[in-house]
Amino acid sequence: MKQFKRVFLVVMDSVGIGEAPDAERFDDKGADTLGHIADHMGGLKMPNMGALGLSNIRKIKGIDAAESPGAHYTTMVEASNGKDTMTGHWEIMGLYIDQPFRTFPDGFPDELLKEIKEKTGRDIVGNKPASGTEIIKELGEHHMNTGDLIIYTSADSVLQIAAHEEVIPPEELYEICELCRELTLDEKYMIGRVIARPFVGKPGAFERTSNRHDYALKPFGRTVMNEMKDAGLDVIALGKISDIYDGEGVTEAIRTTDNMDGMDQLVKSMDKDFKGMSFLNLVDFDAKYGHRRDPQGYGEALEAYDERLPEVLDKMQDDDLLIITADHGNDPVHHGTDHTRELVPLLVYHNGIQKGQELEQRQTFSDIGATVSENFSIQMPEHGKSFLNEIN
């Protein structure tokens with residue numbers, strides 16, 4: 001059986017492909033991220049994903065099914081009890097998450113806020129779900145006058161703290177976030193990430209800076225990435241991948257500013273001589289368009305991503321494997337601003353494919369981790385079934 005020297009794993013954050021079998025349990029019946037975006041756009045222009053076999057998985061308006069798909073294709077069902085970024089990614093690397101991360105649509109409990117106030121000596125404003133740019137517009141001047149911490153959340157399991165760099169320098173903000181991370185490790189909170197959100201500027205012209213820092217929970221067990229690193233293999237984390245796994249199993253971390261920078265970094269990683277995995281998350285689909293319920297922007301971002309795919313395919317070597325998938329859905333025409341419980345697409349490409357075939361539907365995202373493990377002959381994860389033999 002052929003083994004690949006390099007695996008390139010691309011997670012299109014939130015690009016679901018229709019409701020999961022248990023969607024109703026998550027109040028997501030009828031969710032269909034790709035389908036509804038395509039309908040809104042009058043059809044998506046994604047010929048490169050189409051050539052790989054995206055519309056062979058199921059018909060997506062505007063994308064022709066390929067007579068001879070370039071990739072093997074199917075959908076994956078999330079096994080874990082959740083629909084958030086960390087649950088999806090951790091499952092991809094071999095874990096099963098039974099207890100979902102908590103979200104706080106009504107703000108954080110008074111008990112937690114009291115602890116933060118006592119430990120930091122600062123009052124708190126905000127404490128509600130909000131857009132990061134909107135809440136600093138609303139409360140930034142108050143913060144500058146008082147030094148109060150702007151604490152807010154989102155549809156994700158996150159506690160975010162915004163502070164002006166001239167009022168609370170980034171180093172101090174990081175210390176506050178580390179403190180909050182410790183306070184929220186208690187199982188009664190189950191908060192996935194604490195995020196420092198520094199900003200600069202004057203009232204009416206505030207801007208967030210690149211000094212963001214995420215403090216994530218460590219995965220609840222060893223992942224495939226841990227096994228790879230311990231075996232001397234490379235694990236190149238692009239975008240927010242290192243943050244999602246709290247650095248566990250990462251040998252090189254490269255931050256990105258947006259989807260296009262993410263694709264730039266992916267292409268650059270293909271010029272490196274390494275043995276292991278380059279792992280990319282394309283966050284804009286979720287953060288900029290899904291949560292903001294912007295189907296037009298989402299569709300345009302999908303089309304822009306598709307235009308970059310030929311650069312990746314042209315650099316594929318004969319011992320490279322490309323896996324394209326997602327971690328959950330975020331249907332921009334669905335109610336609310338939360339993620340949606342959906343099937344995710346799986347496209348698996350290498351230069352040796354003559355005609356892509358439909359794979360068996362995967363019953364856990366961990367099948368990807370199992371496949372990577374079998375490919376590199378390392379300890380298999382507890383969950384997941386490899387499809388390495390099926391793609392050769």
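**Close-up views of a predicted model**

S14 is buried, with a relative accessible area of 0%. This value, like the others in these legends, comes from a predicted model.

**View A. The backbone at S14.** S14 lies in the loop that links β1 (6-12) to α1 (33-41). Its phi is near 85 degrees, a positive value in a residue other than glycine. Most residues other than glycine have a negative phi.

**View B. The backbone at D246.** D246 belongs to the loop between α9 (241-244) and β10 (252-254). Although D246 is not a glycine, its phi is positive, at about 50 degrees. With a relative accessible area of 27%, D246 is partly exposed, whereas S14 is buried.

**View C. The packing of helices α5 and α7.** Helix α5 spans residues 110-120 and helix α7 spans residues 170-183. The two helices pack at an angle of about 140 degrees, and their axes are 11 Å apart. Helices α5 and α7 are therefore oblique to each other; an angle counts as roughly antiparallel when it is over 145 degrees. The crossing of α5 past α7 is right-handed. On the α5 side, the contact is formed by L112, E115, I116, K119 and T120. On the α7 side, the contributing residues are I176, L179, C180 and L183. By class, the residues of this contact comprise six nonpolar, one polar and two charged. In an α-helix there are 3.6 residues a turn, so residues three or four places apart point the same way.

**View D. Helix α13 and the residue that follows.** Helix α13 covers residues 366-376 and is mostly covered, with 10 of its 11 residues buried. The buried residues are S366, D367, I368, G369, A370, T371, V372, S373, N375 and F376. Just after α13, S377 adopts a positive phi of about 55 degrees.

**View E. The annotated span.** An unreviewed UniProt entry lists residues 5-379 as "domain: Metalloenzyme". In the predicted model, the end C-alpha atoms of this span lie 17 Å apart.

Note on methods: Residues are numbered from 1 along each chain as its sequence is written. This is a predicted model: local features need pLDDT of at least 70, side-chain atom pairs count only at pLDDT 80 or more; totals for chains, interfaces and linings use all residues. Side-chain values use heavy atoms; hydrogens and water are left out. UniProt positions are given in the numbering used here, feature names are shortened, and annotations may be inferred rather than shown by experiment. Helices (H or I, at least four residues) and strands (E, at least two) are DSSP runs, numbered from the N terminus. Axes are lines fitted to C-alpha atoms, for helices over the stretch in contact, and angles run from 0 to 180 degrees between N-to-C directions. Angles under 35 degrees count as roughly parallel, over 145 as roughly antiparallel, 65 to 115 as roughly perpendicular and the rest as oblique. A crossing is left-handed if the near helix is turned anticlockwise from the far one by less than a right angle, and right-handed if clockwise. Contact means heavy atoms within 4.5 Å. Ala, Val, Leu, Ile, Met, Phe, Trp, Tyr, Cys and Pro count as nonpolar, Asp, Glu, Lys and Arg as charged, and the others, Gly among them, as polar. Buried means under 20% relative accessible area, exposed over 50%, partly exposed in between (1.4 Å probe, protein chains only).
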